[in-house]
Amino acid sequence: MLLTNCHVATLTGEEPYGLIADAAIKIEGGLITWVGASSQAPRSSEVTDLGGRLVTPGLIDCHTHLVFGGDRADEFEMRLNGASYEEIARAGGGILSTLTATRAATDAELLQGALVRLDALIAEGVTTVEVKSGYGLEAETELRMLRVARALEEHRDVTVRTSYLAAHAVPPEYVHRADAYLDEVVLPVMARGAQEGLIDAVDGFCEGIAFGPDQIERVFKAAKTLNLPVKLHAEQLSHQGGTALAARYGALSVDHLEYATAADASAMAQAGSVAVLLPGAFYTLGETQLPPVQAFRDHGVPMALATDCNPGSAPLTSLLLAMNMGCTLFRMTPEEALAGVTRYAAKALGRLDRGVIAAGNRADLAVWDVQKPAELAYRIGFNPLFKRIKGGVL
Ligand code: DI6
Ligand code: FE
């Protein structure tokens with residue numbers, strides 16, 4: 001197949017956005033085999049005229065909690081009627097309410113809920129999505145969440161990458177016994193999940209209300225013995241030192257990072273870790289501490305953007321809106337925002353065969369009814385997707 005009559009934001013090279021005006025893309029066997037100026041395009045018997053539209057890499061949402069039971073709309077309403085987080089937590093709300101609903105849900109119910117959210121992402125050109133466990137916090141439900149995440153690939157034309165996030169919170173059975181929870185659940189279930197091929201990366205939540213750096217290090221050590229890459233939710237609500245730890249373990253990414261420092265940025269640059277910024281959580285929680293975007297630029301830390309789709313801090317299923325928020329809230333440029341949901345989102349997942357339009361990469365593409373790439377981040381609540389191409393299939 002030869003795609004013609006389009007502008008292509010390749011996300012490579014020297015030009016802004018790696019833009020090639022009046023371009024063509026050749027696709028064979030699910031791969032991009034050629035991209036360049038249409039005047040030099042190779043011949044093809046099957047030509048698709050894209051009517052002057054813009055082509056980008058298929059979008060990649062590299063941080064989601066797409067699989068969970070129930071919802072927390074009632075808590076949203078309670079807070080806006082004056083209830084505090086503490087009151088809600090004492091009434092069994094917060095992560096605990098999602099934990100209870102997730103444990104109680106059948107696999108079919110978890111799958112159905114996740115598919116609705118996944119469809120919203122796909123409708124905006126998403127072709128690869130990361131999905132975390134972390135609302136079971138017991139062996140059976142953590143493994144079920146990962147199996148449901150994997151099963152999404154059987155129901156939709158999308159690539160799923162899973163992260164094992166049993167170190168998300170201390171479950172009620174282990175209050176004040178976080179280390180026992182690590183020993184009895186997090187570490188043994190990680191080994192089981194790895195053996196079943198359910199885990200692509202190991203994640204954790206390093207925060208005052210979750211796990212400290214010493215506890216996260218135990219999780220990372222176990223991941224290393226299983227040859228699994230690591231990533232971490234760090235410095236979201238306070239500075240705990242998780243970023244420096246993650247960098248020492250060569251993390252694929254460190255995520256949130258509102259309270260990260262210039263020294264953290266430097267450590268991430270040396271480790272090659274991607275900074276995954278999550279403006280949807282910042283927005284929902286009404287945060288004011290901005291992530292150190294300029295320090296990431298100064299140190300050459302690649303920045304990704306993701307939805308963080310979860311029922312509590314980010315009930316967000318629009319990666320285009322996350323791009324807009326990255327620009328308006330975090331002052332990222334529209335070019336950084338697009339690179340953050342393509343090229344660097346791929347890097348955050350360790351998938352270097354996508355996220356950039358270049359010969360040899362997977363033919364995962366999005367075709368947009370816009371003229372300029374900046375329009376993707378500029379508009380609010382508007383979806384200009386024309387066609388999605390996954391593995392060369394329109
Ligand atoms: N950071 C967050 O903001 C969410 N998890 C995390 O590690 C909160 C998840 C929730 O409230 O359900
Ligand atoms: Fe998260």
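Predicted model: local features only at pLDDT ≥ 70, side-chain atom pairs only at ≥ 80, totals over all residues.
Residues are numbered from 1 along each chain as its sequence is written, and side-chain values use heavy atoms, with hydrogens and water left out.

**Overall build**

- The protein chain holds 15 helices and 14 strands (DSSP runs, H or I of at least four residues for helices and E of at least two for strands, numbered from the N terminus).
- Its radius of gyration is 21 Å, close to the 21 Å that the globule rule gives for 394 residues, so the chain is as compact as a globular protein of that length (taken over C-alpha atoms; the rule is 2.2 Å times the number of residues to the power 0.38).
- The C-alpha trace spans about 65 × 50 × 45 Å along its principal axes.
- Of the 394 residues, 56% are buried (under 20% relative accessible area, with a 1.4 Å probe and protein chains only).

- About 40 Å³ of space lies in the largest cavity (a volume is the space filled by probe spheres set on the points).
- Lining this cavity are Glu124, Ser318, Leu320, Leu321, Leu376, Arg379, Gly381 and Phe382 (lining residues have an atom within 4 Å of a point).
- The second largest pocket holds about 250 Å³ of space (a pocket is an open set with protein on both sides within 12 Å along at least five of seven lines).
- Among the 17 residues lining that pocket, Glu335, Glu336, Ala339, Arg343 and Tyr344 are the closest to its centre.
- Helix α13 gives the largest share of the pocket lining, 3 residues.

**A look at alanine 167**

- Alanine 167 sits in strand β7, residues 159-167, and counts as buried at 1% relative accessibility.
- Beyond its neighbours within four places in sequence, alanine 167 is in contact with Val186, Asp203, Gly204, Phe205, Phe211 and Val219 (heavy atoms within 4.5 Å).
- The C-alpha atoms of alanine 167 and valine 185 are separated by 9.4 Å.

Key:
Chains lettered and ligands numbered in written order. 1 Å grid on protein atoms, 1.4 Å probe; cavity = no way out; pocket = protein on both sides within 12 Å on 5 of 7 lines; lining within 4 Å. Buried < 20%, exposed > 50% of the residue type's maximum accessible area, 1.4 Å probe, protein only.
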